[in-house]
Amino acid sequence: MIAWTIYITFAGAVVLLFMSRLLARWIALVTTVAGFGISLAAFFFNNVDVAIFKTIVRVPWVPMLGMEYHLAVDGISLTLALVTGLTAVSAVLFSWDVEHRQNEFFFWLLLVVGGSYGVFLSADLFLLFLFYELVIVPKYFLIAIWGSTNKEYGAMKLTLYSFFGGALVFIGILAIYVTAGSLDLQQLAQFQFTPQLQSWAFPVLFIGFGVLAGIWPLHTWAPTGHVAAPTAGSMLLAGIVMKLGAYGGLRVAMNLFPQGFQMWSKWIAVLAVIGIVYAAAVALRQRDLKFVIGYSSVSHMGFVLLGLATANALGVSGAVLQMFSHGVIAALLFAVAGRMIYRRTHTRDLDTLSGMSLGRALPFAAFSFVVASAASMGIPGFSGFAAEITILIGTWKSYPAAVWITGAGMVLVAAFTLRALKKSFFGESATDILTQEGRVSVDADWNEQQDITARITMAEKCGAGLLMFATLAVGVYPKLLLDRIMPAVEAMRFLK
């Protein structure tokens, strides 16, 4: 059943090309809701053993080369398909008033979503790579056409980094195919590759996937791309696309090359810890709210990589839980910053926002940002805490020193998050601040439009409410996801 998430999403994208622009947003919403509904039903009512990467569709594709249209699912795939559907629905709701080339906008958006479903469900290496690369082109057009703030530069930088990572992945796939003579992930998971091959093929594959996951120091495309992207683009980029890289590193590189992973796992942990601390420190110095959230995404993806590096069931399960958690939290943060704030104030500068008293003017936006900030900081009761504590316990078993250093990064995360929250919504009102000349500094344009722009639309409330409910539900009851994630992780071959 879950295979229909791919078919319905791509069908919706094609239909958009032939329908009136007046129906574009409704077609996109119906399509994403259908995909989310299917992923939700599969997650809760699927009777398959979540520990086994079980085939759901298998059709010959290019028999001469051994390529098949082969889809399979386990607990990890179910979890990531769920966050894909959740984020996609919210992204459409936060794009409800897009007027410029509506059909094209939602067409590219649905291609990103459909390609992401395809990656998470593929059991054929070439099919996975095809879906993986398919996501890159729509990302470019979403940013280059509908973006802002050096949008062409941001779009091109993201695309070039993605193609660079894709080239490394393709080299690794060729090495696998030539050696094993198969592209079937289920068969390859049982194949014994030589230690010599694994020693170089693993880092090539993992770094190739890691580029899209924002691994340090190949992370610089992420903040630039996030800032340049439209709101929905940022939500999809942080909420879904960055998870493709982490998922590929886990499903392909780590599971097929367990010995290579053991050789390089310490270096992955080192890069992850550097990424957590470095990105958090840089975020603390940013003045653009979207740059703060962009570097925050890199820092939080560092936790995913750290969890993967632990090579134990608890740490890796925490990494998958963090993929879900960060997908929801980052999407909510970008939705508030890009849609609720920027579209109304036409600025993301924290110093400027601090004088607008947005907490009173946009109370729902302030509430949403407080919830997202609490989740991002890892406050108990939110999904961020459940994911990070699971990762840190797993890390303590493998790399105790890394936990102490990561603690410094967590302090920096709290610092930049609280700084952004205060300046965005709880700064002193401009009407209360006297300049040195004794006059009141007031943003006239803001005051004239305040009554109109303060209205948060129902679409925005629904999108934000969906994301807030998800982070709270998983934070209160993480067992809901971990019961499906852990059996799938324990079935993998790289665990110590």
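Me: How much space lies in the largest pocket?
Reply: This is a predicted model, in which local features need pLDDT of at least 70, side-chain atom pairs count only at pLDDT 80 or more, and totals for chains, interfaces and linings use all residues. Residues are numbered from 1 along each chain as its sequence is written, and side-chain values use heavy atoms, with hydrogens and water left out. On a 1 Å grid over the protein atoms alone, a pocket is an open set of points with protein on both sides within 12 Å along at least five of seven lines, a cavity is a set where a 1.4 Å probe fits but cannot get out, and lining residues have an atom within 4 Å of a point. With points joined across faces, edges and corners, and volume taken as the space filled by probe spheres set on them, the largest pocket holds about 400 Å³.

Me: Which helix gives the largest share of the lining of the largest pocket?
Reply: The lining has 21 residues, and Val98, Trp146, Pro230, Thr231 and Arg343 are the closest to the centre. Helices here are DSSP runs (H or I, at least four residues) and strands are E runs of at least two, numbered from the N terminus. H6, H11 and H14 (313-345) each supply at least two lining residues. The largest share, four residues, comes from H14.

Me: How many charged residues are in the lining of the largest pocket?
Reply: Asp, Glu, Lys and Arg count as charged, Ala, Val, Leu, Ile, Met, Phe, Trp, Tyr, Cys and Pro as nonpolar, and the others, Gly among them, as polar. The lining divides into nine nonpolar and six polar residues, and the charged ones number six.

Me: Is Trp146 buried or exposed?
Reply: Buried means under 20% relative accessible area, exposed over 50%, and partly exposed in between (1.4 Å probe, protein chains only). Tryptophan 146 has a relative accessible area of 13%, so the residue is buried.

Me: What kind of pair do the rings of phenylalanine 105 and tryptophan 146 make?
Reply: Rings of Phe, Tyr and Trp (its six-membered ring) pair if their centres lie within 6.5 Å; planes under 30 degrees apart count as stacked, over 60 as edge-to-face and the rest as tilted. These two ring centres are 5.3 Å apart and the planes are at 80 degrees, so the pair is edge-to-face.

Me: Which helix gives the most to the lining of the second largest pocket?
Reply: The second largest pocket has a volume of about 270 Å³. Its lining has 15 residues, with Phe53, Ala189, Gln190, Asn255 and Ala491 nearest the centre. Three residues come from the helix that gives the most, H11.

Me: Which charged residue sits over the ring of phenylalanine 53?
Reply: A charge sits over a ring if NZ of Lys or CZ of Arg is within 6 Å of the ring centre and within 35 degrees of the ring normal. For phenylalanine 53, the charged end is 3.9 Å from the ring centre and belongs to arginine 251.

Me: What is the volume of the largest cavity?
Reply: The structure holds four cavities of 30 Å³ or more. Among the residues lining the largest cavity are Val292, Leu333, Phe369 and Phe416. By class, the lining has six nonpolar, four polar and no charged residues. The volume of the largest cavity is about 80 Å³.
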